[in-house]
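Subject: Structure handover, with notes on helix packing and sheets

Dear colleague,

Please read them alongside the coordinates.

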Amino acid sequence: MKSRKIVLIGPVYPYKGGIAHYTSLLYRALSQKYDVEMISYKMQYPRFLFRREQKDYRNDVFRIEDAQFLLHTADPFNIIRTASKIRRMHPDLVIIQWWHPYFAPCYRILEAALGRKIRKMFICHNVFPHERFPFDRALTKLVLNKADYFLLHSERDVDDLLAIRPDAQYRLNPHPTYNAFRIRNLTKSQAREELLLPVDEKVLLFFGFVREYKGLKHLIKAMPEVKRRLGNVRLIVAGAFGSDRVSYRRMIDDNGANDCIEVVDRYIADNEVEKYFAACDIAVLPYESATQSGIVQIAFGFGKPVIVTNVGGLPDVVADGQTGYIVERGDPGQLADAIVRFYENDMAERFEAQVRREADRFSWDRLVEKIDEFMGQA
């Protein structure tokens with residue numbers, strides 16, 4: 001019998017993106033042990049702040065049947081009403097997803113309306129935003145100073161949290177693996193057939209929204225050298241570019257990389273993710289900054305190794321020379337060397353085997369165990 005109750009707050013299907021996927025999988029994992037109420041957003045971002053489409057109905061693999069879409073993040077009266085509904089649920093713990101100070105006013109009102117007796121925990125996907133702006137630290141501190149517990153996914157986030165909350169009660173746990181994208185169990189050859197890729201081609205993958213901090217420009221600059229040394233190689237860039245698409249297209253042209261880079265400039269729906277990861281040999285994350293990355297865990301969910309930069313929490317989850325390679329940020333030469341080394345030394349099979357061996361470390365059960373520790377205090 002599930003006697004203890006958790007209220008989980010965050011985006012879920014049909015909202016897009018990695019945090020929506022994370023929240024859905026966390027709900028499923030917690031529901032094995034606790035009575036969980038899932039509260040999502042009636043309105044997540046105003047359109048003038050987030051001009052991309054926020055929802056995607058094309059695949060419902062992450063649907064939560066009992067999710068309640070209650071919270072309007074820009075309506076104080078709605079937030080207070082939602083808090084009142086949560087109080088009537090009598091939760092032992094309220095878990096809130098945190099990733100951007102935009103949510104600070106909403107969550108601060110929610111915290112105050114819930115009152116001190118209800119314990120609150122923030123799961124910090126990053127304490128501070130990837131792209132900093134004035135007052136982000138003050139907004140973050142305003143909210144996180146009032147929370148009881150924290151769950152973090154990287155040492156970088158631990159440092160950031162303790163800088164604004166030295167007395168924070170926290171647990172550190174690696175970002176769990178996203179394994180729900182494996183819907184059809186495509187083989188590499190089947191996925192390549194769907195993507196019209198030669199079976200014998202060397203295929204790299206850069207996946208997700210293209211933003212400046214993700215360092216795609218360094219990978220673009222690396223590709224001509226990779227092509228020169230390996231020959232039959234292709235980089236697939238799969239993700240929406242937004243307003244920067246023209247500058248990246250020009251960069252590909254200027255570096256003479258048109259013949260080895262294929263661009264899929266759009267949001268990749270959940271039911272399409274599998275074919276890109278199944279088709280590739282290795283995923284590349286040339287990030288200039290990071291706390292942690294759901295892309296690494298999608299790759300690991302498909303048993304694929306990764307090449308990452310030595311930033312934020314990425315070295316915490318990638319074992320250099322075992323589940324991939326770690327290179328210094330902003331260095332196209334190191335990226336090219338790592339890619340060439342992966343193929344010339346035939347590392348795919350060895351890396352993939354190690355990724356499978358480390359699966360338990362990144363399981364959702366491990367994360368729930370950390371939340372269990374807080375539930376013992378609530």
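Contact here means heavy atoms within 4.5 Å, and helices (H or I, at least four residues) and strands (E, at least two) are DSSP runs, numbered from the N terminus. On that basis L216, K217 and I220 in α7 meet Y248, M251 and I252 in α8, and by class this contact has five nonpolar, no polar and one charged residues (Ala, Val, Leu, Ile, Met, Phe, Trp, Tyr, Cys and Pro count as nonpolar, Asp, Glu, Lys and Arg as charged, and the others, Gly among them, as polar).

This is a predicted model, in which local features need pLDDT of at least 70 and side-chain atom pairs count only at pLDDT 80 or more, while totals for chains, interfaces and linings use all residues. Residues are numbered from 1 along each chain as its sequence is written, and side-chain values use heavy atoms, with hydrogens and water left out.

The axes of α7 (residues 216–230) and α8 (residues 245–254) come within 9 Å and cross at roughly 20 degrees, where axes are lines fitted to C-alpha atoms, for helices over the stretch in contact, and angles run from 0 to 180 degrees between N-to-C directions. That makes α7 roughly parallel to α8 (angles under 35 degrees count as roughly parallel, over 145 as roughly antiparallel, 65 to 115 as roughly perpendicular and the rest as oblique).

Helices α2 (residues 76–89) and α3 (residues 104–114) pack at about 40 degrees, with their axes 9 Å apart, and are therefore oblique to each other. The residues of their contact divide into ten nonpolar, no polar and one charged.

Strand β2 (residues 35–43) pairs with β3 over four bridges in the parallel sense, and I39 has Q68 in β3 as its bridge partner.

A further open sheet has six strands, in the order β10-β9-β8-β11-β12-β13, again with parallel pairing, and its twist averages 20 degrees from one strand to the next. Helix α7 packs on this sheet, touching β8 (202–207), β9, β10 and β11 (282–285), and its direction makes about 160 degrees with that of β9.

Best regards

Methods. Two strands pair if DSSP finds at least two bridges between them.
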